[in-house]
Amino acid sequence: MHIQQLSLTNYRNYPQLSVDFDDKINVFIGENAQGKTNLMEAIYVLGFSKSHRTTKDKELIQWEQNYAKIEGSIFKRQQKFPLEIQINNKGKKAKLNHLEQKRLSDYIGALNIVMFAPEDLNLVKGSPQIRRRFIDMEIGQIQPIYIYHLGQYIKILKQRNHLLKQLQKRKNNDVTMLRVLTDQMIEHAAIILEKRFLFMKRLRSWAFEIHKGISRGIEELNLQYAATIDVSEDDNKEKIIEVLQETFTTIEHKEVERGTTLIGPHRDDLLFYVNDKNVQTYGSQGQQRTTALSLKLAEIELIYQEINDYPILLLDDVLSELDDFRQSHLLDTIEGKVQTFVSTTSVDGIDHQTLEKAEIFKIDKGKIIE
């Protein structure tokens with residue numbers, strides 16, 4: 001899989017851009033605030049229909065313009081097809097093969113992307129929300145139906161929390177409606193948990209081997225999904241539904257007291273252990289970074305296993321954050337099989353044969369200069 005061509009119109013600091021890419025390694029070089037990360041973001045938005053940097057689509061539109069457009073020519077499984085994202089003040093449109101896709105789940109997955117940026121080094125030590133987002137984005141692009149269930153779950157969760165607030169303040173005493181919303185939410189929660197458990201099981205096996213290689217065989221990485229209810233990856237959907245129902249019944253009074261939903265996928269977490277010690281709590285910065293790198297490389301292999309094609313890799317200003325050994329391990333792993341985009345202020349100090357073969361793009365004030 002690779003992007004053959006990318007075109008931008010009124011996107012961030014790019015009034016107009018059309019560029020062809022190498023199917024192996026592409027490097028964007030430039031000073032800070034010139035547009036390197038904007039270019040990486042545009043590729044990400046083309047794949048996911050939303051930015052990893054902002055939740056406000058309007059910020060993607062160039063100043064004083066009323067729309068932005070990203071177009072890409074994609075080559076995947078011996079087929080070539082166009083993708084397009086249009087953003088304006090009223091919303092956005094996602095087109096696959098020139099056809100507008102009404103549902104996000106019909107669009108996502110056409111272009112598979114793994115991104116590794118400096119903030120991903122916080123995947124291990126950052127908040128649970130960061131780790132949940134990581135899980136959701138990766139499952140969503142290999143099983144788009146997951147996005148539908150996640151969207152429905154969040155929608156019902158908001159309604160349920162609103163009702164719980166009213167019950168807490170005694171502005172409403174409709175417990176029957178609360179139980180209806182609970183049952184609706186449980187249906188989607190069980191599917192989300194089932195898919196997360198399966199994803200974690202597959203990711204764990206890849207991450208274990210990769211981490212062992214990066215640590216030269218002295219460390220073993222284990223991933224554990226920390227659910228807010230008493231279920232495990234060995235439980236099927238029916239068992240998960242049963243436990244959710246029992247737990248919600250038990251804590252209903254407490255949820256009304258607190259005015260919020262206390263259990264469910266929106267409160268779960270992902271734990272990392274290196275040699276049986278919790279990396280978040282006891283790991284060194286090096287161990288935390290190796291764990292984050294192992295997860296990203298495991299993602300690449302997991303996606304290949306799922307769709308029989310390698311995803312596109314975005315390395316946004318992250319190589320300078322890794323030491324020489326981790327840099328080499330990363331570049332050795334992707335060499336020759338993954339179309340990769342690297343943004344950096346300089347390639348000095350990155351001594352690897354992969355970058356010697358790269359297509360270099362110099363970025364200056366929203367333009368690619370020769």
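1. Helix H7 (residues 237-258) has a kink of about 55°, centred on Ile-251. The bend at a residue is the angle between axes fitted to the seven residues ending there and the seven starting there. Helices (H or I, at least four residues) and strands (E, at least two) are DSSP runs, numbered from the N terminus. Just after H7, Gly-259 has a positive phi of about 75°.

2. On the basis of the model: this is a predicted structure, in which local features need pLDDT of at least 70 and side-chain atom pairs count only at pLDDT 80 or more, while totals for chains, interfaces and linings use all residues. Residues are numbered from 1 along each chain as its sequence is written, and side-chain values use heavy atoms, with hydrogens and water left out.

3. Buried means under 20% relative accessible area, exposed over 50%, partly exposed in between (1.4 Å probe, protein chains only).

4. A search of the whole structure finds one cavity of 30 Å³ or more, and the largest cavity holds about 50 Å³ of space. Helix H4 (128-142) and H6 are the elements that give two or more residues to its lining. The largest share, four residues, comes from H6. The lining includes Ile-139, Phe-199, Arg-202 and Leu-302. On a 1 Å grid over the protein atoms alone, a cavity is a set of points where a 1.4 Å probe fits but cannot get out, and lining residues have an atom within 4 Å of a point. Grid points are joined across faces, edges and corners, and a volume is the space filled by probe spheres set on the points.

5. Six strands form an open sheet in the order E2-E1-E4-E5-E6-E7, with antiparallel pairing. Strand E2 (14-20) and strand E7 (99-100) are at the edges with a single partner strand each, so one side of each has no neighbour in the sheet. Strands pair if DSSP finds at least two bridges between them. Strand E5 (residues 79-88) and strand E6 (residues 91-96) pair over six bridges; Glu-84 has Lys-95 in E6 as its bridge partner.

6. Ile-334 lies in helix H10 (residues 324-334) and is buried, with a relative accessible area of 1%. Leaving aside neighbours within four places in sequence, Ile-334 is in contact with Ile-25, Ile-300, Leu-313 and Thr-340.

Technical notes:
Contact = heavy atoms within 4.5 Å. 1 Å grid on protein atoms, 1.4 Å probe; cavity = no way out; pocket = protein on both sides within 12 Å on 5 of 7 lines; lining within 4 Å.
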